[in-house]
Amino acid sequence: MIKSTKINRNVQAALSDKQLQKNLRNTLATSLQMRDVSVAEVPNWDELSQYARDVKLHTLSRLDYYLEMFERKVVAQGGKVIWAETGQDAVDFVVELAQERKIKKLVKSKSMLSEEIHLNATLEQMQIESIETDLGEYIVQLAGETPSHLLAPALHKSKEEIADLFAKELGMEYSGDVDEITATARQVLRKHFLDAPLGVTGVNFGVAETGSVVVVENEGNARLSVSVPKIHIALMGIEKVIPRASDLAVFLKLLIRSATGQKITSYVNCLNGPRRPEELAGPDEFYLVLVDNGRSKILADEFLRQTLACIRCGACQNVCPVYQRIGGHAYESTYQGPIGAILTPQLTSHKAAPEHAFTSSLCGACQEICPVGIEIPHILLKLREQAQNEKNNRASTISVERLGIVLWTRVMCNPRLYVGATRWVRRLWRVFEKNRLLGLVLIPLSRWSKHRAVPHPAPHSFRELYRLSEDS
Amino acid sequence: MNSRSILLNRIRLACAGADVHELPSQIPDFPCYSDPVAQFCQELEAAGGVFLDGRRSGKLAENLATVIRASDSTEIYWESQELFHRYGIPFSPSKTCHGVGDLLFYSHHPDQEVKFPLLLESRPYGKSELAASSLSVSPARCGIAETGTIVHEIVPGTGRLFSLLPPAQLILLSERDLIMNSTELFEHMLPEQRGSSLTLITGPSRTADVEKTLIIGVHGPKKMFVILLP
């Protein structure tokens, strides 16, 4: 059994947080419903899904080839490509570029990769102001928190909590009106857009065939981040490359309908490098940072590799019974919910994220809803096995759990021993129960019994009952 | 070894020995419509955009007047002079030009005089000027019936800020350029694109980041109009 650590404690806090429970209930149900309606409109959804899965698995099996093709195209269009082995390498590049150009402020549109590599924390240390411009991210940044969902980073907050935050941090008059909250954000952020010399974005898809960087969004903040500043840096995980532009038709349909239930988002930006000399506005410089940060390690296992097919739609989070109860923050990792449970230990290690693979009831809803059919429950099982093996190899003494299983195997193999042992357990159980000592005896199992009623032993075993019925 | 070769070697090592998963060649079917204009209109309006049919002669001026009223604009910023020729828009230079040389009157409609400055290639709009303006007009590379989307492409003589900073945007779309779904766009137009940016635009900017409440008008334009032309 896994040791009680961070996630477990967080679960307790999350479950007793009434406001959080209400916020989660309201928003996740809406998201799911919108997704279901939107998916039901597409008669060949499964076919699209299979196509996308095949494209992703193909690309991953020849990732070096497609990355090189992508790089050639980006460079041919006047962009520069930076290869970052680790998150730190990627962060260093952004910081060094900013320092070299004496940039004190940058505008940033939503990027989970930037969260993964803790870009903002380093920028802050270097006294470079990084302004999150997606409304949800902006709220989370103002609150000094981290996102709690792939798509709706401020999903854990109610509008009253946000109104309080805006009143406190921006000096805005308190208003629970979402229109006014949004208008304030537009006004404040517009100023930053107009004078920030650097824009940083994530990437949804990188098209190898055309060298296009595709950024999907609704608010227009990504469009502004790649249009007004003189420099655009796109941060992209190496697994985001797809072979052909024509594949985009399928991927956009799957991503957007799964994510928000829209048919398409307000904007899909296909960016081909910096401003051409004859164009009037746009960034003069374009940098694409290709980030590994543990991804190539995941590639090595042919089964686990599909983890990298994820297109970050967030549907598995919406549908997960665990995520629905505990929200994103309880996971204490960048990626949360089912995808976070499989991605986090693989990007880091079982030692660094010992609990993630266990934060699931293996109900299978995540695999069913996944638009690229990632077999999350099966991956979880494999990761649990890995984690256990690693632990067993580390442990110098025989664990109690192992000893218990060895003894139990002995007992199960011998019918007479089994009958005798269970009879004694039943008898002792009753004695302990009568003397209220059961809690004490069950201490080794207390993590199990704490949240569950301890069952009363049956007065007779099945064998005894059978014999009784035969006699009568 | 530099980071590039280290990273590529890592990937090659990780993929070595394993089979190459086959790349599917046939894209699944995408929907087609018997009345693509009706489909386009329905989806655009569902996304919060305004559809105006300017296909009949004389309708364009009326539509322009509607857009100007609905966006509280006094001026229209045109993306390029080429638009007038491309869509056969008649115009005549204003008598009250104030010597700037870029103010024109649209005088096709009998009751409505529409004033707009015209982009001159020698004078690209500045970002603060655009941010303070009220309405931009740009052409669509194509329209997508399935989702009510227009595709805006950056070509020489235009820039990324133009249709982005003003609070309202108007797109002119020729019926000839209406396609059924996005497959044609991604199979042909994107690979052939020479400019630095191609954007799919569907309605005004929006967010649902606060309690999933839909709000129209965040960072991008708050209003979006499409006039369909022959």
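Select helix α3 (residues 45–61) and helix α12 (residues 247–259) of chain A in this predicted model. The two helices pack with their axes 10 Å apart, at an angle of about 120 degrees. That angle makes α3(A) oblique to α12(A), since angles of 65 to 115 degrees count as roughly perpendicular and those over 145 as roughly antiparallel. The crossing of α3(A) past α12(A) is left-handed.

Now show the side chains at this contact. From α3(A), pick A:Leu48, A:Ser49, A:Tyr51, A:Ala52 and A:Val55. Coloured by class, the contact of α3(A) with α12(A) has seven nonpolar residues, one polar residue and two charged residues.

Next, move to chain B and select its open sheet of five strands. The strand order is β1-β14-β9-β6-β2, and the pairing is parallel. The edges are held by β1 (50–53) and β2 (77–78) of chain B. Each edge strand has a single partner, so one side of each is left without a neighbour in the sheet.

Two bridges pair β2(B) with β6(B) in the parallel sense. To find one of the paired positions, pick B:Trp78, whose bridge partner in β6(B) is B:Val137.

Now show both chains and select the contact between them. Chain A gives 75 residues to this contact and chain B gives 64. On the chain B side, select α1 (3–15), α5 (127–132), α6 (182–192), β11 (197–201) and β12 (206–207), each of which supplies at least two residues. The largest share of the chain B side comes from α1(B), with 10 residues. By class, the side of chain B that touches chain A has 29 nonpolar, 22 polar and 13 charged residues.

Finish with a pair of strands that joins the two chains. Select strand β9 (residues 267–271) of chain A together with β11(B). These strands run antiparallel and are joined by five bridges. Which residue of β11(B) is the bridge partner of A:Cys270? The partner is B:Leu198. β11(B) is also among the elements that supply at least two residues of the side of chain B that touches chain A.

Methods:
Residues are numbered from 1 along each chain as its sequence is written. Chains are lettered from A and ligands numbered from 1 in the order in which they are written. This is a predicted model: local features need pLDDT of at least 70, side-chain atom pairs count only at pLDDT 80 or more; totals for chains, interfaces and linings use all residues. Axes are lines fitted to C-alpha atoms, for helices over the stretch in contact, and angles run from 0 to 180 degrees between N-to-C directions. Helices (H or I, at least four residues) and strands (E, at least two) are DSSP runs, numbered from the N terminus. Angles under 35 degrees count as roughly parallel, over 145 as roughly antiparallel, 65 to 115 as roughly perpendicular and the rest as oblique. A crossing is left-handed if the near helix is turned anticlockwise from the far one by less than a right angle, and right-handed if clockwise. Two residues are in contact if their C-beta atoms, placed from the backbone, lie within 7 Å. Ala, Val, Leu, Ile, Met, Phe, Trp, Tyr, Cys and Pro count as nonpolar, Asp, Glu, Lys and Arg as charged, and the others, Gly among them, as polar. Two strands pair if DSSP finds at least two bridges between them.
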